[in-house]
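User: Please take a close look at the interface in this model. Then set out the aromatic rings and the backbone in one connected account, with the cut-off of each term.

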Amino acid sequence: MARMQRREFLNLSALAAGGTLLASRLAFGRSDTRKPRFVLIIMRGALDGLATVAPYGDRDYAALRGDLALRAPGERNGALPLEGFFGLHPALAFLQQCYAARELTVFHALASPYRERSHFDGQDVLENGSARAHALTTGWLNRALERAPAPGQREAGVALGQNMPLVMRGPAAVTSWSASKLTALDEDTLGRLTDLYANDALLATRLADALAADAIAGDGAGSGAGMMPDAPDKNGQAPRARYAQVVRAAAGFLRQESGPKVAVFDTTGWDTHANEGGAQGQLAARLASLDAALATLKQELGATWGDTAVLMVTEFGRTAAINGTRGTDHGTATAAFLVGGAVAGGRVIADWPGLSARALYEGRDLAPTLDLRSVLKGLLHEHLSVPSRELERTVFPDSAAAQPLRGLVRT
Amino acid sequence: MRESFTSAIAANRFGLGARPGELAGIADDGRDWLRAQLRAAPPPIADPQLRPSQEILAQALELRQELRASRKADGAASAAQPGAEDGAASALQKLPQFLRPIYVSEVSARFRAAVTTDRPLIERLTQFWTNHFAVSVDKQLLAGLAGSFEREAIRPQVLGTFSELLLSVETHPAMLLYLDNHLSVGPHSELALRRGRRAQARALGINENLAREILELHTLGVGGGYSQGDVTTFAEVITGWSIGGAEGGRFAGGEPGKFLFRAGQHEPGAKRVLGTRYPDRGYEQGVAVLRDLAAHPATAHFIAVKLARHFIADDPPPAAVARLAQAFTVSGGDLPTVYRALIDSREAWAQPLAKYKTPSDYIVSGFRGLSLPVDAQHAPLAPYELLGQRTWAPGSPAGWPDRGADWDGASALMKRIEWADAVGQRLGNRCDAVQLAPQLLGANLSAATAGAVAHAASPAQAVTLLLAAPEFMRR
């Protein structure tokens, strides 16, 4: 397993800020031969980064987390090994394999520019790509797709779900898709509806997008045959079956030569105010479902996995200490994950601020030391070839202070 | 604006979609029709099957207790004889088996009221406030409580004052359970101090979930001027707002399933919230904070924005918002006064079809317009599932979003068309869409839709085209 020295990863963000000429030249050089795929998984509800990627080597961690703290790898309730300071939650066995295979990079003490604690504004900032909630009505991923070279594609991206999340709204042609159990509509009715929508710009576009997505899905996205429509998350149980179905559909789209190269979907249930659990429990069950979904995604993508980067992000983190109800309240910095065959992984990238009372943000949260936009800018540039100038100007306006991280994907 | 537009807007935007004959009944002034609906108390949902939340919750808590007991017994049994643990497995099934039929009959009763009512404004307002004070059935017990929460805490208050509505919501067991407040304990409360004297007991403390969402989502709104300190202090103020239960330990006592102020859980002392000092008067301390929050100018503005967004446009005109906020403030939060200001707002009538229907609006208006049968308990479940808006399941305390962009996805449109097609197939030639179209859409009916419906290949296809028409997608 690739191990990095703590000193080395602590220096990574400094290194990234300077940028490495070599890496960026390589990124330009190969854009014509690769067929990069990108999957964005939004973890809505504020993921507890300190439970998911446990800094068991931090001397204040165990006291803050009490009996919910994860121990060092190998001990009872131990984390899975990353390097000798951080460990992965034991429910994330597949992700740990990816780390060992150098296909997973973990970011920690990371935050978007948002510094309040509202889920809804936090998600808005996470998705709109500006520093303020509601400052923009389109999403950074859509604006990036508009600026990325994508010849020969009707739809640049697909949202797995009925509606379009903010991050994918905007000028670039994107679609949404979810499986259906009703019988197919007849061509004549669809033709008449197309006519009926001719003077309605919104519905005309939506119908055309839906038909395009269905055509691609018919070619293979439905290879998860017998797919059911979005099953509800019954009584708060971990939605393993639904995640599996969604990633199968995503893989079906991404495998296609002329299909969308970007897929987005949501996961929910991360808002663990009470009875969060430690090595086992509520959060563990959610993480295990997500981990299983990622394993399914890799399997379903086949060779395409090698061109794929999957980013998992949440709106903010949770309090460093456990609250009065064995859970955690809304916080600030958290962890994020970049996984896939295209990822230059096997690393934890974190400028660790520590968890002492003085180090905590506003005396309660993990302090942010890495701007999410640094990750996004580096990734969009190197992986999807979005020009740096556009990243600064239109995709992440006013983000000059967040220098792109380089070297996130394989060269 | 031609008067005929006011009836189409009244029935479709303020109402839940016209039923055949409804537009004719509204005659020429949609405004009068709406104002008249505000004059009598909100009609209760009269269904003998439905039970009060207290009964449901008491029984659910008993089932939980049974589950715990059988888990303990299984532990003992499996120690003595491995493989003997099936008591808990059968107890585990009992709670969902108990809750599911309650959810189904509540959804069905609410849906029937929406489809058949002749005061649709009241149903829309009830749904609006339920969404403002959202709970979600993703949390297990809420599947049994969301319906009675709406019937008990919201529906009877929608024509009262905001302050009364707020208090009835925040003291309802469904809300306390949903946002964890029953578990929140003052760190210096009697209970915490007693516990602290015992060695190895885990510390008790507050959970700020309900306090934060009251400030952010129920009253002031996210930019409403409160700080993290206000959230924490307000959470301390409402420690002890809990539920009576037969369960052992600290949930024993009180009437099972009913609101209970647990003084021993309450953080003692005077508290300062948003600059005002509140002396410790136990339960009344929290009531006093809620009263002040209800009267706060930020609350007036926040409620005005949400109502205007729901009834006027996704980005409501500031002048209309200001007028609603003014009506709210001047009347002391008297809701009918605010609704009348809304009805009197020119902006609400200026642009037909400004709002894209939510899936729920779409389904209810389809059932109303085509007089689809609602007798079967399961009538609404499948379409709500298909179109992606399971009743009382917004998944977050922010409720369902209220802007077109949140609902107008490509796949979502396809689902509506698929449902419209299924309805057309089912009705076949039992329905005359050509004759219905002007009755449902009135002045909103376009020549293109009228033509498409008239020239459809079959009566079934005519129904599909009517339901899928651009002006039926909007309100």
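**The interface and its surroundings**

D408(B) and R206(A) are joined through their side chains by a salt bridge, with 3.3 Å from N to O. The term denotes a side-chain nitrogen of Lys or Arg within 4 Å of a carboxyl oxygen of Asp or Glu. The model is a predicted one, in which local features need pLDDT of at least 70 and side-chain atom pairs count only at pLDDT 80 or more, while totals for chains, interfaces and linings use all residues. Residues are numbered from 1 along each chain as its sequence is written, chains are lettered from A and ligands numbered from 1 in the order in which they are written, and side-chain values use heavy atoms, with hydrogens and water left out.

By that rule, four salt bridges cross the interface of chain A and chain B. Contact (heavy atoms within 4.5 Å) involves 48 residues of chain A and 60 residues of chain B. The size of an interface is often given as the accessible area lost when the parts come together. Here the two chains bury about 4400 Å² between them, and 56% of this lies on carbon and sulfur atoms; buried area is the accessible area (1.4 Å probe) that two parts lose on being put together, summed over both.

Chain A itself contains 13 helices and twelve strands, where helices (H or I, at least four residues) and strands (E, at least two) are DSSP runs numbered from the N terminus. Of its 411 residues, 62% count as buried: buried means under 20% relative accessible area, exposed over 50%, and partly exposed in between (1.4 Å probe, protein chains only). Among the contacts in chain A with a separation of 6 or more, 74% come from residues 24 or more positions apart.

The aromatic rings come next. Rings of Phe, Tyr and Trp (its six-membered ring) pair if their centres lie within 6.5 Å; planes under 30 degrees apart count as stacked, over 60 as edge-to-face and the rest as tilted.

In chain B, F259(B) and Y283(B) form a tilted pair, because their centres are 5.5 Å apart and their planes at 55 degrees. F259(B) belongs to strand β2 (residues 259-261) and Y283(B) to helix α13 (residues 283-294) of chain B, 24 residues apart. F259(B) is partly exposed, at 24% relative accessibility, and Y283(B) is also partly exposed at 24%.

One aromatic cluster comprises F111(B), Y362(B), F367(B), Y384(B), W419(B) and F472(B). The charged end of R416(B) sits over the ring of Y362(B), 5.0 Å from its centre, where the rule requires NZ of Lys or CZ of Arg within 6 Å of the ring centre and within 35 degrees of the ring normal. R31(B) is placed over the face of W349(B), 4.9 Å from the ring centre.

Two backbone positions remain. S371(B), not a glycine, has a positive phi near 50 degrees and lies in the loop between α18 (359-370) and α19 (381-387) of chain B; S371(B) is exposed, with 52% relative accessible area. W392(B) has a positive phi near 55 degrees, sits in the loop between α19 and α20 (410-427) of chain B, and counts as buried at 5% relative accessibility.
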